[in-house]
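User: I am new to this structure and would like to go through the terms used for it. Please set each value against its definition.

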Amino acid sequence: MDPATSAVRLAVREATHTLMCSEDGGLLLSTLESLKRYLGATEDPALPAEQEEFAAVHFSAVLRCLVGRLSPGWLELAPDGQLQQLWKSFFLEGPAAQAFLVLMEAIEGTAGPSFRLMKMAQLLVVFLSQGRMAALMEQQCRLQKLPGLPLLQEMLLGKVVGLPDHLGNRLRQDNLAPFLPQNYFPMLGQEVLRALQAVVEALRGGLDCSVSFVSGILGKVCIQGRQKEILDVLVPRLTTLTQGSCLWQRVCWRLVEQVPDRAMEAVLTGLVAAASGPEVLSRLLGNLVVESRKAQFVMTRKLLFLQYHHKTSMLQTLLGYLAMDSQRRPLLVQALKELLETWGSSSAVRHTPLAQQRYLSAAILICLAHLGEQELRETRDELLASMMAGVKCHLDSSLPPVRRLGMVVAEVLSSRIHSEGPPLKFQYEDDELTREMWALSTLRPAGDGCSAAGDLSLAPAATETPAEPTGSGSETVVGTVPPAGLQGSDSDLDSDDELIPYDMSGDTDLKSSKAPLYVRDCVEALTTSEDTERWEAALCALEGLTHRNPGATREVSVELAKVLLHLEERTCVAGFEGLRQRALVAVTVTDPARVAEYLTSQFYAMNYSLRQRMDILDVLTLAAQELSRPGRLKKLPQQGSLPPSSSSPKALATSQPGSATVPAWRVVVEDRIRSKTRRFSKGFPRQDPEGSPNEFNSVAGYFFFPLIQHFDRPLVTFDLLGDDQLVLGRLAHTLGALMYLAVNTTVAVPMGKALLEFIWALRLHVDTYVRRGLLSAVSSVLLSVPAERLLGDMPDELLEARSWLGDVAEKDMDEDCRTLAVRALLLLERLKDRLLPPPLLGPTASSSPRPS
């Protein structure tokens, strides 16, 4: 046995015995001072071999002895807190890893709230505040492969990352602020930076180091969901450090490369989100995506196809990182092919939510912006085939945003792969979605923020360009007047600024043909007249004539509905579709039974376009809404009787008898009297709403039942259960609206039964728009059918609908469908007390009378 080793062991054994048994403060202080020699913190330190042997074998035992003796009376054995300061120094100056493990062991081993527990927790706060956690990491980075080192580091990882949980479980309501997760993990990020700084300095000094322990800490923190707290501290600082140092870049590459595979996804997701741009991400990761298969899978598969909740800026950072290096660009091309393959899959379009389709479309446009002409030319055939399949799938969708996404992506893709040919153009609404997609199709320059600031700074400079004044009262607008106009004087002589314009506000358009005065004249003008002005005048006057002459309208109602249904625009009439629809609604309201019977029969007839069939559904819904509106009969005689200008106060005043001879002073006097009169209270007359019959009650069946009868019978050019899913979704919404408008009617119960059967037959439809219509129809049934009839006539249907709605609310991929299902479930909760009888209470409730 080595004499030095035996001497250290004997000294530690004697000191430990003294610490455990002695109550003499002076003896305790001298014993601790003698042990402190082995830490090298005194004027007469021990030999290096003795210090190494003490730290490796005996230091933990000494710390456990000090923890065991900790008590209020023991600390007061020495005056002026000398014993307490010396006791703390062993934890704060010795090997950090062993001190940290003993502290955590002591805290976890304490049974409950006590002096020892709080003292150890406060000492741990001092341990963290003095940078001892960075010393712990630095010590682990410099250790070589020793027996038992992986087990020790795994134990340290669990304690370091799980410290907030351990302290929170032990301290409970007495927990200290530094141990809270929102405070601890940013502090841990600062300690990681100090440890990495020490590693860089050691590498510059020629020493070997490993950052695997720090990588383990980073991975374990991120996999627990705390990547934002730690990376918000790490990434900005590493961005600055790696900007001009290749050594720091290599350290960062190794730091991420040695992250365990199970934590690679969490770390890379956090880094991509925290990086301010592709240049920063390239400095932090290097070519990790090429060298690591796990990183490649995460960055080219998971972040692009599965995790669609990320922001567009994160997507730009990721794809820009792939495009920055020649070794990574093949991955960008492959990602574009796979994105287009998924984008062109009909199953993906039907079964993925709108947010994911928007995310995929944005990724495709960003990839196209980064790729060059040569790279696109090499894969033109594959991209073209995927584009053609994707356009068809998106245009077949019943959701307008999905169709617009397909149109925008197809336009951009066709312009890139066929730049020499005519561009592909669609007609769609220019909204926020399309503007965002088009903005992504152009590559953002590296100095985008600087260029934008430069553009903003140039605009005031242009407007502040000095110009010579041309006169005392004139103004010169720089940039709008040609230079020749500023030099010559002939323009001033020929100026017409002093001419007074004519007042043309009361002018009207001169038309050769007058508006028809009878409904039959409108029918004749719309069917046989070749005069376009007469045709236009008849269309504009038809709605008012229909309301003013209901008797004449009923005589030709079906013929007029047929004419309007097949009417096509001859001239460029402003608002043609609105005029035609309002006229058709007015005819349906005037003669609801006959016209509704005709329209519903034509819905399933041959030789009609999808647009005409959807027009029929819209007209039926609007007419039913008008018929069910309270107080409609009182307003009918006034509709269309006055010209538009007669609704203004001035027109009403001049239309009254004697208004031409009575001056306007009467209004002024009445206003003055009203303002000078003092009233102590002024009540408003209350008028209770007068009840009126629901006109939709007697004709609801004509609107509803013919529509729901033949939905499962396909025609040659019309198949609701096949390709015409858009019309089926509109039909479901229309039936739900008719059901809601039939509230408090006698036919509501059979309508509800038929609608529930319709819903149950189509509840598993793959189209999102159809499912939305079915779910809204369920709510209409629950709102319109009386609760007693629901429970009495349809209890089984309600139970089945409840289970189906629960599945939709939990599992449906569309957010709107889930929201509608939750609303329907809330409506069902109102029926819960009636659906399930209340439990019987008391001893007499359980006993039933027996026959005598």
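User: How many disulfides does the count come to, and by what rule?
Analyst: The count comes to zero disulfides. A disulfide here is a pair of cysteine sulfur atoms within 2.5 Å. In general, a disulfide is a covalent bond between the sulfur atoms of two cysteines. This is a predicted model, in which local features need pLDDT of at least 70 and side-chain atom pairs count only at pLDDT 80 or more, while totals for chains, interfaces and linings use all residues. Residues are numbered from 1 along each chain as its sequence is written, and side-chain values use heavy atoms, with hydrogens and water left out.

User: What makes Cys522 buried, and what is Cys540 called?
Analyst: Buried means under 20% relative accessible area, exposed means over 50%, and partly exposed is in between (1.4 Å probe, protein chains only). Cys522 has a relative accessible area of 0%, so Cys522 is buried. Cys540 has 42% relative accessibility and therefore counts as partly exposed. Of the 852 residues in the protein, 44% are buried.

User: How many helices and strands does the protein have?
Analyst: The protein has 48 helices and zero strands. Both are DSSP runs numbered from the N terminus: helices are H or I with at least four residues, strands are E with at least two.

User: Which residues have the most contacts inside the largest nonpolar core?
Analyst: They are Phe100 and Leu124, in a core of 145 residues. Helix α6 (residues 96-109) gives the largest share of this core, ten residues. Apart from it lies another core, of 95 residues, among them Leu539, Leu756, Leu762 and Val781. A nonpolar core is a set of buried Ala, Val, Leu, Ile, Met, Phe, Trp, Tyr and Cys residues joined through side-chain atoms within 4.5 Å. In soluble globular proteins, nonpolar side chains tend to be buried together.

User: What is Phe100 in contact with, leaving aside its neighbours within four places in sequence?
Analyst: Contact means heavy atoms within 4.5 Å. With those neighbours left aside, the partners of Phe100 include Leu124, Phe127, Met133, Leu136 and Lys159. Over the whole protein, residues 24 or more positions apart account for 73% of the contacts with a separation of 6 or more.

User: Why is Val12 called buried?
Analyst: Val12 has a relative accessible area of 6%, so Val12 is buried. Val12 lies in helix α1 (residues 3-21). Not counting residues up to four places away in sequence, Val12 touches Leu35, Phe54, His58 and Val62. Phe59 is 47 residues from Val12 along the chain, and their C-alpha atoms are separated by 9.1 Å.

User: What makes the pair Glu577 and Arg580 a salt bridge?
Analyst: A salt bridge is a side-chain nitrogen of Lys or Arg within 4 Å of a carboxyl oxygen of Asp or Glu. The side chains of Glu577 and Arg580 meet at 3.3 Å, N to O, in a salt bridge. Both residues lie in helix α34 (residues 576-590), three residues apart, about one turn of the helix. Arg580 has a relative accessible area of 6%, so Arg580 is buried. Glu577 and Arg580 are also linked with Arg611, Asp615, Asp618 and Arg730 in a network of salt bridges. By this rule the count comes to 33 salt bridges.

User: In the salt bridge of Asp591 and Arg594, which residue is buried and which is partly exposed?
Analyst: Their distance is 3.4 Å, N to O. Asp591 counts as buried because its relative accessibility is 9%, and Arg594 counts as partly exposed because its value is 41%.

User: How do you know that Asp767 has no salt bridge?
Analyst: Asp767 is buried, and the nearest side chain of opposite charge, Arg771, is 6.9 Å away. As for charge, Lys and Arg count as positive and Asp and Glu as negative, while His and the chain ends are not counted. Asp767 lies in the loop between α42 (748-762) and α43 (768-784). A polar atom of the Asp767 side chain lies 3.2 Å from the backbone nitrogen of Val770.

User: What joins the side chains of Tyr769 and Arg730?
Analyst: A polar contact of 3.4 Å joins them. A polar contact is a pair of N or O atoms within 3.5 Å; within protein, one must be able to donate a hydrogen and the other to accept it, and residues adjacent in sequence count only if both atoms are side-chain atoms. Tyr769 is in helix α43 and, with a relative accessible area of 15%, is buried.
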